[in-house]
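Have the model open while you read.

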Amino acid sequence: MTAAPAPTFALGGKLTVNRLGFGAMRLTGKGVWGPPADRDECLRVLRRAVELGVDFIDTADSYGPYVSEELIREALYPYDGVVIATKAGLLRTGPDVWEPLGFPAYLRQECELSLRRLGVDTIDLFQLHRIDPKFPAEDQIGELARLQQEGKIRHIGLSEVDADQLAAARAVVPIVSVQNMYNLTMRGSEAVLDVCEAEQIAFIPWFPLAAGPLAAPDGPLQRIAAEHGATPSQLALAWLLHRSPVMLPIPGTSKVAHLEENVAAAAIALTEAEFETLGNAGAAAG
C-alpha cells in the first residue's frame with residue numbers, strides 16, 4: 001500500500017511529486033487551534049505517510065497556528081526528498097477564526113518564521129493563503145517574488161483565486177500551483193482548473209472528500225465503490241486523480257488508519273464510464 005501508483009506532477013516543471021499528497025491542517029486542536037488531542041498519533045501519521053510514498057505535504061503557518069509546521073519538523077526533518085509546502089496570509093485570533101492579512105511586511109515575517117520552524121533555508125512551495133483586498137494584490141505577490149529572488153522561496157502558489165486573479169499574479173511572477181476548494185459536488189473552480197491544465201500549473205483541491213448525498217447507500221458513489229472493493233471516500237479521491245493530470249489532492253487526517261485508507265485510493269483505476277457517471281451525479285448533487 002503506497003502512493004506510488006498515483007501518477008506524478010512536476011511543480012514548476014522541476015519538482016516532481018506523487019499526485020496524492022497529504023494536507024496537515026487536521027494535525028491541530030479543535031477549530032484548527034492549539035495542539036492536537038493525540039500528539040503522538042499525529043507524529044505517526046506524518047511518518048507513516050512518507051513510508052507509504054507520500055512526498056508532498058501541505059501545511060500553513062495558520063494551522064494551530066504554527067502547530068502543524070512544528071509537528072512536521074519533529075516528525076520528518078530533514079525531509080529527505082519530501083516536499084513541504086506552506087502558506088501565509090491568514091491571521092488567527094481564535095478557534096475557527098480566519099482573517100486575511102496580506103500586508104507585505106507581514107507576509108515576509110511569516111515566511112521567515114516558517115523557515116525557522118521547518119528548519120530549512122528555502123521553502124519548496126510558499127502559497128499566498130488569501131489575496132487580502134485591503135492591499136494591492138501586486139504588492140502581496142511582489143513581496144513573495146522578492147523572497148523568491150532572495151532564495152527563501154523556491155516556488156510560489158496561490159489559494160482561493162479566480163481566473164482573473166491568477167492571470168494578474170502570473171503577470172508579476174511565475175505561479176506553479178493553485179489551491180481552491182474542489183470535489184465531486186463542489187466544482188466552482190472549473191475555469192481556474194482549465195487554466196491550470198493549459199499552463200501546467202498544479203491544481204490542489206482542498207476539501208477533496210465531500211460527497212454529500214452521493215455517499216448514500218443507494219447512491220452511485222457507494223455502488224461503484226462496492227464494485228471496486230473501496231470506500232466512497234476512496235472513490236472520491238480516485239475521481240479527482242482521474243479528473244485532470246494537474247490535480248494534486250491533499251486529503252488530511254489525524255489517524256493512521258484513515259491515512260492508509262486515503263493513500264490506497266491511488267491504486268483505484270476508474271473506467272471512463274464510471275468517471276462520467278460520478279461526475280454527472282456530482283454535478284447534479286452540487
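## Ground rules

This is a predicted model, where local features need pLDDT of at least 70, side-chain atom pairs count only at pLDDT 80 or more, and totals for chains, interfaces and linings use all residues. Residues are numbered from 1 along each chain as its sequence is written, and side-chain values use heavy atoms, with hydrogens and water left out.

Helices (H or I, at least four residues) and strands (E, at least two) are DSSP runs, numbered from the N terminus.

## H3 against H4

Helix H3 (residues 104-118) packs on helix H4 (residues 137-149) at about 35 degrees, with the axes 9 Å apart. Axes here are lines fitted to C-alpha atoms over the stretch in contact, and angles run from 0 to 180 degrees between N-to-C directions. The crossing of H3 and H4 is right-handed, meaning the near helix is turned clockwise from the far one by less than a right angle.

Which residues make the contact (heavy atoms within 4.5 Å)? H3 brings Pro104, Leu107, Arg108 and Cys111, while H4 brings Asp139, Gln140, Glu143, Arg146 and Leu147.

After H4 comes Gly151, with a positive phi near 85 degrees.

Glu143 sits in H4 and counts as buried because its relative accessible area is 9%. Its side chain makes a polar contact of 2.6 Å with that of Arg108; such a contact is a pair of N or O atoms within 3.5 Å, and within protein one must be able to donate a hydrogen and the other to accept it, with sequence-adjacent residues counting only if both atoms are side-chain atoms. Beyond neighbours within four places in sequence, Glu143 touches Pro104 and Arg108.

Helix H1 (residues 39-51) buries Glu41, Cys42, Leu43, Val45, Leu46 and Ala49. These pack against strand E3 (22-23), strand E4 (56-58), helix H2 (67-76) and helix H9 (256-264).

Just after H1, Gly53 has a positive phi of about 100 degrees. The backbone oxygen of Gly53 is reached at 2.7 Å by the side chain of Asn18, a residue of strand E2 (residues 15-18). Asn18 is buried, at 12% relative accessibility.

Key: Contact means heavy atoms within 4.5 Å. Buried means under 20% relative accessible area, exposed over 50%, partly exposed in between (1.4 Å probe, protein chains only).
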